[in-house]
Amino acid sequence: MIKRNKCIANIKAGYLFPEIAKRRREFAAAHPEAKIISLGVGNTTEPILPHIDKGLTEGAKRLGTVEGYLGYTDEGFLELRERISKVFYQGKFAPDEVFISDGAKCDIGRLQLLFGAGTKVAVQDPSYPVYVDGSVLIGAANGWTGTGYEGIAYLPCTAENNYFPDLSKLPSDSIFYFCSPNNPTGAVANRVQLTELVKAAKEKGTVIIFDAAYAEYVRDPNLPKSIFEIEGARECAIEVNSFSKPAGFTGVRLGWTIVPKELKYAGGESVNADWARICGTIFNGASNIAQWGALAALDDEGVKEMKELCDFYLGSAKLIREAVQSLGIACVGGDNSPYIWARFPGRDSWEVFAEILEKCQVVTTPGSGFGPAGQSFIRFSAFGHRADIEEACRRLARLKG
Ligand SMILES: Cc1ncc(COP(=O)(O)O)c(/C=N/[C@@H](CCC(=O)O)C(=O)O)c1O
């Protein structure tokens, strides 16, 4: 009989968000009258705005015509790769450094293949679970020790260090997943911090995998939206990004990864060439319809619509932050990100999750699901219809006393 892949045996049962969905179903079954509101999974809820939606629908119609039909497009439409470079990176990347994908999570999973088993992995703690779970699945980390996975370097990002890690703890010759604006803390690294990060990575031979999935939520003009705003990043960083949160493409599926040609392995081989080989071998390209939608999102009208959508969710984040703060609960985030990170000192995150669900019929995300340093925190997501956000904020008052 075939033996089970030990890497899958190593991973704790249940990815975070399906576990939350399971507990929500159980609660709903026990309380059929409850009108549950989700401030949990960061899944967009608002309709795609007209100009971008027209890009998708016209793209779909094109497929029904002889002259418009397109099959496989491999690394993606040349025009889309050029426009991503122009709109987000001042044109400083050649099209063959821009890889179109079916989403940032999918690319994060595939990027693990570039570095494979036995690579040292460092993450911010807390952070998006895919970095750690993906590393365990590929064999770059081992079993659960009770507080974390063996082989992962967890770099705490806490109130005490203003949610920026101590880079002296960054292992050499590792890959370091860095997310800014951060999921779940909402912290955005400033230019000085990212400059320190690039300097440390180059000194240590570390590759930064910079996850910029929430970059379009940054509203402070002094805060960087990309690691490539920092001198020297081309030699030590890969950037992953997505249309999910700025355009509402969580179900449409369209992301991209930037792999600069300057990025080399220890032996001088090209990481960009290997990424092209991996994508060409196990990925048959993003949907053409999604790519036409992304092209619409990147013209002047589409860029305006993405800003409008992000502003809408940021408005909801502000309401949640005010509601949580009015309870005397310390929290961060929500100003340049759609997540609020609230601290419940001395409490177990899953217990607070259960209390909020019980008392308020509101689903949240327990901070411990993002890593050991997330214990005693709760993440509130601003992705919801405004009426639901307002109702959830009213209900949170039940936590008083
Ligand atoms: C830092 C970060 N990077 C990538 C993604 C997913 O991007 P896409 O695969 O492009 O939709 C996400 C999505 N996160 C949501 C959805 C959950 C999930 O993707 O597993 C959440 O944290 O609630 C993310 O937070």
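Two strands count as paired if DSSP finds at least two bridges between them, and strands (E, at least two residues) and helices (H or I, at least four) are DSSP runs numbered from the N terminus. Residues are numbered from 1 along each chain as its sequence is written. Because the model is predicted, local features need pLDDT of at least 70 and side-chain atom pairs count only at pLDDT 80 or more, while totals for chains, interfaces and linings use all residues; side-chain values use heavy atoms, with hydrogens and water left out. The pLDDT, the predictor's confidence in each residue from 0 to 100, has a mean of 97 over the protein chain, and 100% of the residues reach 70 or more. For the complex the predictor gives an ipTM of 0.99 and a pTM of 0.97.

Buried means under 20% relative accessible area, exposed over 50%, and partly exposed in between (1.4 Å probe, protein chains only).

Trp-256 also belongs to a cluster of ring pairs that links it with Phe-88, Tyr-89, Phe-93, Phe-228, Phe-243 and Phe-249. Rings of Phe, Tyr and Trp (its six-membered ring) pair if their centres lie within 6.5 Å; planes under 30 degrees apart count as stacked, over 60 as edge-to-face and the rest as tilted. By this rule there are 26 aromatic pairs. In one of them, the rings of Tyr-313 and Phe-383 have centres 4.7 Å apart and planes at 65 degrees, so the pair is edge-to-face. Because Tyr-313 lies in helix α11 (residues 300-326) and Phe-383 in the loop between β13 (377-381) and α13 (386-396), this contact ties together parts that are 70 residues apart in sequence. Tyr-313 is buried, with a relative accessible area of 0%, and Phe-383 is buried at 3%.

A further sheet contains β13: 4 strands form an open sheet in the order β9-β10-β13-β12, with antiparallel pairing. β9 (331-333) and β12 (365-366) stand at the edges, each with a single partner strand, so one side of each is left without a neighbour in the sheet. The strands β12 and β13 are joined by 2 bridges, and Thr-365 has Arg-379 of β13 as its bridge partner. Arg-379 also lies over the face of Tyr-339, at 3.9 Å from the ring centre. A charge sits over a ring if NZ of Lys or CZ of Arg is within 6 Å of the ring centre and within 35 degrees of the ring normal.
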